[in-house]
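Here are my notes on the two-chain model you sent over. Have the structure open while you read, and take the points in order.

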Amino acid sequence: MVGLVLVSHSPEIASGTAELVRQMAGEVEVRPVGGDAEGSFGTDPDRIKNAIEEMGSDEVLVFMDLGSAVLSAETVLEMLGEELRERVHLVDAPFVEGAFAAGVTASAGADARECMEAARQARTEPKLH
Amino acid sequence: MSSADSVIEIVRAMAAAMEEHRQELTRLDSEIGDGDHGTNMHRGFQAALERLEGMDTSTPSDVLKAVSMALISKVGGAAGPLYGTAFLRASSALSGKEEPDASDAVEAMEAALAGIKQRGKAEVGDKTMVDALEPAVAAARKEAASSGDVGRVLRAAADAAAEGAESTIPLVARRGRASYLGERAAGHKDPGATSTHLLLDAAARALGA
């Protein structure tokens, strides 16, 4: 099964997005990591690393909101053990829409590649027809 | 840089510089960023000092690695992963070297620059710390070719970094929060390039240069 780690500058955005994904993809493991080490806006590499290491899923997709969340996630990826690193993928997709699409796809039993593709498509999916 | 103790002295000087210039960095960052660079760098280097106090005998590489972990954990923002990666790469470059010489110091700085460029995907002219560090590394390399003194190499790097930081003033930012500001970022000195200069200057001073 594929699981999601959601890294946002805001604790509320991370946990709110996790709730939204769980609502539609109940079985899927989703861990929100929001805010910096001091509890204010920012990102916290230590907690991102812990969240990834604690995931029980075979493969882990990491979603990031703004610039430094990406830098933090990339730095954490470099710090992970090799075996785990191969199972962790940073996803280049919109945070809410991408995590939602990946979560729903994962709940249908899709693999990491299919979930990442669904997340990437969320970027170009028109909202107004 | 004759031993781990010299590197610890350098880190102490860097921490003192971040304390002394905390407000200046924060002021620069409030003009084009989110106004926390001074506070964040100060917090990160205080954490680095705490980590070093708890360490026993170590090598220059170990010291730089401890600083890296503290900065990654405590600085926050983009600067944490960027400086953390820089110190981590410098640590790897000095691995197994008990008494780094001038050319080792240059290699460590080159590794730090490569790490920052890879992590931040920035080049010279993007209004980032790369604008200070890349000319600093070039100057260090040149100085090391004629001098074996680590202090002089760091002084050459620091002076080039000062110029590099000044050169960011007219630039439009292409990375980070300031990149959303377009032309409005021009006319302000980049806080990351400024802290890079201050760190190298502190390092040179710690070695009496």
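1. A word on terms before the details: two residues are in contact if their C-beta atoms, placed from the backbone, lie within 7 Å. Helices (H or I, at least four residues) and strands (E, at least two) are DSSP runs, numbered from the N terminus. This is a predicted model, in which local features need pLDDT of at least 70 and side-chain atom pairs count only at pLDDT 80 or more, while totals for chains, interfaces and linings use all residues. Residues are numbered from 1 along each chain as its sequence is written, and chains are lettered from A and ligands numbered from 1 in the order in which they are written.

2. Start with a helix pair in chain B. On one side, B:Arg22, B:Gln23, B:Glu24, B:Leu25, B:Thr26 and B:Asp29 of α2(B) touch B:His37, B:Gly38, B:Thr39, B:Met41 and B:His42 of α3(B). By class, this contact has two nonpolar, six polar and three charged residues. (Ala, Val, Leu, Ile, Met, Phe, Trp, Tyr, Cys and Pro count as nonpolar, Asp, Glu, Lys and Arg as charged, and the others, Gly among them, as polar.)

3. How do those helices cross? The axes of α2 (residues 22–32) and α3 (residues 37–53) of chain B come within 6 Å and cross at roughly 140°. Axes here are lines fitted to C-alpha atoms, for helices over the stretch in contact, with angles from 0 to 180 degrees between N-to-C directions. Angles under 35 degrees count as roughly parallel, over 145 as roughly antiparallel, 65 to 115 as roughly perpendicular and the rest as oblique. The two helices are therefore oblique to each other.

4. Chain B as a whole has nine helices and zero strands. Its C-alpha atoms fill a box of roughly 50 × 40 × 30 Å along the principal axes. For 209 residues, a compact globule would have a radius of gyration near 17 Å, and the 16 Å of chain B agrees. (That radius is taken over C-alpha atoms, and the globule rule is 2.2 Å times the number of residues to the power 0.38.) Among contacts in chain B between residues at least 6 apart in sequence, 66% join residues at least 24 apart.

5. With 129 residues, a compact globule would come out near 14 Å in radius of gyration, and chain A, at 13 Å, agrees.

6. Why is β3(A) largely enclosed by the rest of the structure? Five of the six residues of this strand (residues 59–64) are buried, so the rest of the structure largely encloses it. Buried means 20 or more other C-beta atoms within 10 Å of a residue's own, exposed means 12 or fewer, and partly exposed is in between; C-beta atoms are placed from the backbone.

7. Look at the neighbours of β3(A), too. Strands pair if DSSP finds at least two bridges between them. Six bridges join β3(A) to β1 (residues 2–8) of chain A, running parallel, and A:Met64 is the bridge partner of A:Val7. Three bridges join β3(A) to β4 (residues 88–90) of chain A, also parallel, with A:Leu61 opposite A:His89.

8. Finally, the contact between the chains takes 14 residues from chain B and 11 residues from chain A. On the chain B side, α5(B) gives the most, with five residues.
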